[in-house]
Number of protein chains: 4
Amino acid sequence: MPSRDTAPSAPPRTHRSEIRVRYAETDQMGVVYHANYLVWCEIGRTDYIRALGRPYTALEQEGLALAVSEASMRCHAPARYDDRVCVETTLVDVKSRTVTFGYRIVHAETGARLVTAETTLVSLDPQGRVVAMPADVRAFLGSAGAG
Amino acid sequence: MPSRDTAPSAPPRTHRSEIRVRYAETDQMGVVYHANYLVWCEIGRTDYIRALGRPYTALEQEGLALAVSEASMRCHAPARYDDRVCVETTLVDVKSRTVTFGYRIVHAETGARLVTAETTLVSLDPQGRVVAMPADVRAFLGSAGAG
Amino acid sequence: MPSRDTAPSAPPRTHRSEIRVRYAETDQMGVVYHANYLVWCEIGRTDYIRALGRPYTALEQEGLALAVSEASMRCHAPARYDDRVCVETTLVDVKSRTVTFGYRIVHAETGARLVTAETTLVSLDPQGRVVAMPADVRAFLGSAGAG
Amino acid sequence: MPSRDTAPSAPPRTHRSEIRVRYAETDQMGVVYHANYLVWCEIGRTDYIRALGRPYTALEQEGLALAVSEASMRCHAPARYDDRVCVETTLVDVKSRTVTFGYRIVHAETGARLVTAETTLVSLDPQGRVVAMPADVRAFLGSAGAG
C-alpha cells in the first residue's frame, strides 16, 4: 500500500476519521446499533471532502447537494460504547451524476475490522432533481484518486 | 374541508399518541435512551396540532416554524423495547411568540407513568428570526384549551 | 396461546407496517436522512416476526439475538416529514445461522416506491457468538414463506 | 473566573469537549434537531468523568449505572451542520444517589452561546434499582469541585 507520505503533491487516497462511540449509539444488545454505521460513513466522506480543500457545506451553498442513493454494509464485528474507531474513507468512483465512496471502519486501538461499507451519492440541484455535477466538482472529487 | 372553528363542542384538551418502542431507541442499559423521549414529545405535539385541523406542515408552508427553545423532562420509570407507550399532550400556554406543551408519557398497557415533560416553542420566520405568531395561529393553537 | 403452526392457511408472505415520518428523521436537505430507512426496516421485520405469533422480544428472552450482519438499500425517491409510509417486509431466506428480509418502502397514499432494501441477520447467543438457530425458530421464521 | 492553571492539584472544574456537527443531527429547519443537544451533554459528562481518571465504562463494569432522571435545556441559538461546538461541562452537585451536571454549549469559533442545559443522573444497580453510590464514587465524582 503506497504511503501518502511519499507522494507530496497528491491528496491522500484514504482519509481517516476518528470517532468515539457515544452511549446514544448503542442498543440493548450492548453494541452499536447498525444504522449508526451509516452516520459514521457520512462523517468519513465529509472529512474526506474537506481534506480535499472544499467542504461539503460549500458545495451545498453553491446549489449542489449529494444525496445517498445506494448504501451497503457488512458488519464483521461490533463496535462498543466508548470505543475509539477509525473510519477509513476512499473514493471508489466518480461519474457524471454520482460519486461512490468506500469505507472501512476499524477499532482504533486493535485495528480489528468492524464494518465495511459503500455508498453512492447522486448529485441534486436545489429542487431535488438529479443533475450532472459541474466539471470542476467532478475533477475536485476525483483529484485524490489520480496520484 | 370542514372547519374546526364551527365545531360547537371543544376539541379534546389532551391528545393521545400511541408509539411502539423501536430497538433503535434503546441503549445498552436495556431501556430507552432518554433523548428519544423528546422525539416522542415532538410526535405528541404534532398529533395535537393535526387534531386541531391544521397540520404543522401547513404552518411551515405558510412560513411559520416552531422551534424548541426550552425543554425539561423527568424520567420516572424507563420505557423498554417493544413497549407500547402513550404520549398525552396538552397545551400549557400560548403567548405572542411562544407556545408551551406539556407531556405525560405512560405505558399503554399498565398506565404506569414513565416520563413527564414540557417544551416551549418559539415562532420563527423563514429567516430564523423570532416573530409574533399571526393572531389566527394563536387562536388556532389555543382553541383546544378554551372549552 | 394459540399456535400458528396449526393454522391451515398460510400467514401472509408480506407484512405491511405503517409509519408516520418524524421531524427528527429529516435532515437539512428537507427529506428523511437515509440511515433512518434502516430503522424503518427494523420496524418492518419486528412487525413481521410478531405477526408470526412470537415477538422478537421472546426470542431475546430465550437467549437468541438476531443482529444485522449485512444491509443494502437503494433510495428511489425521498420520504418527507409527516408522510405516511408503508414498509412491506418479506422473508427472503432462512439458513442455519442467518435470516434475510427484503423491504419495500412506499408512500402510503400515492404508492410511490421510495426505498428498497435487504438485511441479513445473524443468530447470536447471549455471549455474542454466532450460533445456529434452533430448529423451531428456523421453522417459525420460515413458516410464512411456505404457503 | 479562577484559572485552572493556578490550582495545580485540583482537577479542572470545567471540561471542554469539542464536537463537529453531523449532517444526521440536522433537521429540515436547517439546524440541529434539539434532542441531539442531550446527546452532546452525554458526551460532555462522559469526557468529564474520563478526565477524572475513571471512565464511565469502568463504573458500569463495577455494577453502577448512572441514568438520566431529569434534564432541562434552553436553546439560545441554533447549531448548524459542520459547525464545531464546545460542550463545557461542570459538576453541579453530588448527593447520595444522584449527580447533577451543568452544560454550556458554545460555538467553538465565535464563542456564541448556543445551549445551556442541566441533567441529573440517578445511580442504579444492575437490576435497575435506585441505590446509593459507593462513597468512593461520590468522592471521585466530587473531586473536581473541591478546589
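Predicted model: local features only at pLDDT ≥ 70, side-chain atom pairs only at ≥ 80, totals over all residues.
Mentor: Residues are numbered from 1 along each chain as its sequence is written, chains are lettered from A and ligands numbered from 1 in the order in which they are written, and side-chain values use heavy atoms, with hydrogens and water left out.

Trainee: Okay, chains D and B. What makes their relation that of a two-fold axis?

Mentor: Chain D can be laid on chain B by a turn of 180° with a shift of 0.0 Å along the axis, and the RMSD is 0.0 Å. That is how a two-fold axis relates things. In chain D, D:Ser72 has the C-alpha nearest the axis, 2.0 Å from it. The superposition is by least squares on the C-alpha atoms of residues with pLDDT of at least 70 in both copies.

Trainee: How do you know that the same surface serves both copies?

Mentor: Look at the contact residues: 100% of those in chain D recur in chain B. Contact means heavy atoms within 4.5 Å, and 22 residues of chain D are in contact with 22 residues of chain B.

Trainee: What area is buried between chain D and chain B?

Mentor: About 1800 Å², with carbon and sulfur atoms giving 57% of that. In chain D, the residues that lose the most area to chain B are D:Met29, D:Tyr33 and D:His34, together 26% of what that side buries. Buried area is the accessible area (1.4 Å probe) that two parts lose on being put together, summed over both.

Trainee: Why is the pair B:Glu70 and D:Arg74 called a salt bridge?

Mentor: The term asks for a side-chain nitrogen of Lys or Arg within 4 Å of a carboxyl oxygen of Asp or Glu. For B:Glu70 and D:Arg74 the closest N and O atoms are 3.8 Å apart, so the pair passes the 4 Å limit. Across the interface of chain D and chain B the rule finds two salt bridges.

Trainee: Which elements of chain D supply the side that touches chain B?

Mentor: α1 (35-51), α2 (56-61) and β2 (65-75) each supply at least two residues, and the largest share, eleven residues, comes from β2(D). These elements are DSSP runs numbered from the N terminus: helices are H or I with at least four residues, strands E with at least two. By class, that side of chain D has 13 nonpolar, four polar and five charged residues. For the classes, Ala, Val, Leu, Ile, Met, Phe, Trp, Tyr, Cys and Pro count as nonpolar, Asp, Glu, Lys and Arg as charged, and the others, Gly among them, as polar.

Trainee: Over on chain B, why does B:Ser69 count as buried?

Mentor: Buried means under 20% relative accessible area, exposed over 50%, and partly exposed in between (1.4 Å probe, protein chains only). B:Ser69 has 14% relative accessibility, so it counts as buried. B:Ser69 lies in strand β2 (residues 65-75) of chain B.

Trainee: What does B:Ser69 touch, not counting residues up to four places away in sequence?

Mentor: In chain B, B:Thr120, B:Leu121 and B:Val122; in chain D, D:Met73, D:Arg74 and D:Cys75.

Trainee: How many residue pairs are in polar contact between chain C and chain A?

Mentor: Eight, both residues at pLDDT 80 or more. Across that interface the rule finds two salt bridges, and A:Glu70 meets C:Arg74 in a salt bridge of 3.7 Å, N to O.

Methods. Polar contact = N/O pair within 3.5 Å; in protein donor to acceptor, adjacent residues only side chain to side chain.
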